Amino acid sequence: MEKLCLRFKDISVSEKMLYSLFLFTIGIGYLFALTHMYYTHQMRDGKPGMSVDDVVIAYYGSQDQTRLGSAIKGGPMESNLKSSADRDTILRWLTTDKTPNDFKTTVAPILNRDCVICHSPQINPSLPDLTHYEGVMEVASSKAAPLPGLVKVSHIHLFGIAFILLFVGRIFIYCEMSTSLKRIIIVIPFISMLIDTLSWFITRGNPSFAYVVIASGALMGISMGAQILISLYQMWFDQGKMVFLVSQQIILDKYRHRAIDLTKILTGRCYAYFCQYAPIVWREIKIGSAYLTKKTLDSMKSFTR
Ligand code: HEC
């Protein structure tokens with residue numbers, strides 16, 4: 001015997017209201033999540049707007065986004081350097097392998113002259129120590145996303161989103177559609193979320209994976225959005241008609257007729273007022289505009305004179 005599964009037409013209106021509000025809230029929450037992502041990542045490459053570079057820098061890092069690089073390139077420490085040629089020397093060193101030998105011959109003399117007055121452990125233990133190679137390397141390493149931070153975000157993300165997808169998917173199962181299509185739409189957001197999270201870690205070592213991060217993230221958003229929209233549509237408007245039980249339909253029809261009657265009365269009144277006052281308003285406008293035209297013409301005459 002075939003097992004019967006519940007569909008939206010079988011569930012009560014209060015259940016539908018609950019589900020709708022839940023889906024609606026999740027949808028709004030997702031829009032806020034996108035906005036948050038935009039604000040935290042868009043300026044990473046120094047240009048407004050989200051781009052692949054922003055994602056690469058977020059996970060893989062970038063040579064000129066080191067703390068040292070950004071401090072002296074338009075940052076607060078730039079003014080401490082005696083010349084911009086020295087700044088370029090340090091920036092160039094940042095793009096190389098950053099060997100201790102190069103450091104000693106090219107960078108250390110500049111730092112010793114301009115920076116260690118403040119950046120030495122005796123004077124300011126809380127500032128980066130720029131008196132020796134290891135200290136400088138701490139602010140000169142390219143900033144791949146720190147592993148502990150990524151692990152933290154991943155576990156919060158996976159736990160949180162798994163619950164969201166469970167509930168959104170559970171509601172979506174009430175939809176009426178081809179079973180195989182439904183199965184695919186249920187699976188996609190989970191798979192893409194897992195790929196997305198995994199590719200954060202891979203992007204730390206391989207910047208090309210930023211594309212996978214973006215594609216899988218987008219796929220998750222699109223498939224979850226589809227679940228939400230299809231569910232909301234089928235819940236309330238199937239084949240262009242609201243779906244209710246017969247008894248609910250009778251009550252709703254009563255309210256609908258009352259609403260129509262009320263609108264008729266109101267529009268009737270409005271029309272009557274319109275007919276009464278429109279000629280008066282029209283006359284005032286005509287008088288007013290004639291007066292204004294005359295004034296403007298007068299003032300133009302006084303100009304030409
Ligand atoms: C007059 C004292 C002073 C001098 C000179 C100075 N710094 Fe700083 N530096 C600070 C202070 C204070 C901070 C911490 C406050 C801040 O980040 O603005 C800091 C912070 C930094 C940071 C860390 C920024 C971050 O991302 O946390 C770097 C890198 C840096 N300085 C590099 C340099 C370099 C390179 C020079 C030499 C060209 C230099 N500083 C010269 C006082 C100084």
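Which residue just after H2 takes a positive phi? Select Gly61: its phi is about 95 degrees.

**Ground rules**

This is a predicted model: local features need pLDDT of at least 70 and side-chain atom pairs count only at pLDDT 80 or more, while totals for chains, interfaces and linings use all residues. Residues are numbered from 1 along each chain as its sequence is written.

**Whole chain**

Zoom out. The chain has 10 helices and two strands. In sequence order the pattern is α-α-α-α-α-α-α-α-α-β-β-α. The C-alpha trace spans about 100 × 90 × 35 Å along its principal axes.

The radius of gyration of the chain is 33 Å, whereas a compact globule of 305 residues would have one near 19 Å. That radius is taken over C-alpha atoms, and the globule rule is 2.2 Å times the number of residues to the power 0.38.

Of the 305 residues, 16% count as buried. Buried means 20 or more other C-beta atoms within 10 Å of the residue's own; exposed means 12 or fewer; partly exposed is in between; C-beta atoms are placed from the backbone.

Colour by domain next. Domain 1 is 8-58 + 144-238, domain 2 is 63-140 and domain 3 is 251-305. These bounds come from an automatic or database domain assignment. The centres of domain 1 and domain 3, taken over C-alpha atoms, are 50 Å apart.

**Helix H2**

Select residues 52-59. This is H2, and six of its eight residues are buried. They are Asp54, Val55, Val56, Ile57, Ala58 and Tyr59.

**Ligand shell**

Select the ligand and its surroundings. How many residues surround the ligand? There are 16, and the closest are Arg67, Ala71, Met77, Cys115 and Cys118. A residue counts as near if its C-beta atom, placed from the backbone, lies within 6 Å.

Helix H3 (residues 67-72) gives the largest share of this shell, with four residues. By class, the shell has 12 nonpolar, two polar and two charged residues. Nonpolar covers Ala, Val, Leu, Ile, Met, Phe, Trp, Tyr, Cys and Pro; charged covers Asp, Glu, Lys and Arg; the others, Gly among them, are polar.

**The largest nonpolar core**

Select Leu68, Ile72, Ile90, Trp93, Leu94, Val107, Ile110, Leu111, Cys115, Leu130, Val136 and Ala140. These 12 residues form the largest nonpolar core. H3, helix H4 (84-95), helix H5 (100-114) and helix H6 (133-140) each give two or more residues to this core. Another core, of 11 residues, lies apart from it; Tyr19, Leu165, Phe172 and Ile228 are among its members. A nonpolar core is a set of buried Ala, Val, Leu, Ile, Met, Phe, Trp, Tyr and Cys residues joined through C-beta atoms within 7 Å.

Stay on Ile110, in helix H5. Is Ile110 buried or exposed? It counts as buried because it has 20 C-beta neighbours inside 10 Å. Leaving out residues up to four places away in sequence, Ile110 touches Asp86, Thr89 and Ile90. Contact means C-beta atoms, placed from the backbone, within 7 Å.

Move to Trp93. Beyond its neighbours within four places in sequence, Trp93 is in contact with Lys98, Asp102, Phe103, Thr106 and Val107.

Click Lys98, in the loop between H4 and H5. Its phi is near 60 degrees, a positive value in a residue other than glycine. Most residues other than glycine have a negative phi. Lys98 has 18 C-beta neighbours inside 10 Å, so it counts as partly exposed.

**Along H8**

Last stop: residues 179-205, helix H8, where Ile185 is found. Ile185 is partly exposed, with 18 other C-beta atoms within 10 Å. Setting aside residues up to four places away in sequence, Ile185 touches Ser223, Ala226 and Gln227.

Ile202 is also in helix H8. Ile202 counts as partly exposed because 17 C-beta neighbours lie inside 10 Å. Draw a C-alpha to C-alpha distance from Ile202 to Val212: these residues are 10 apart in sequence and 9.7 Å apart in space.

Technical notes:
Contact = placed C-beta atoms within 7 Å.
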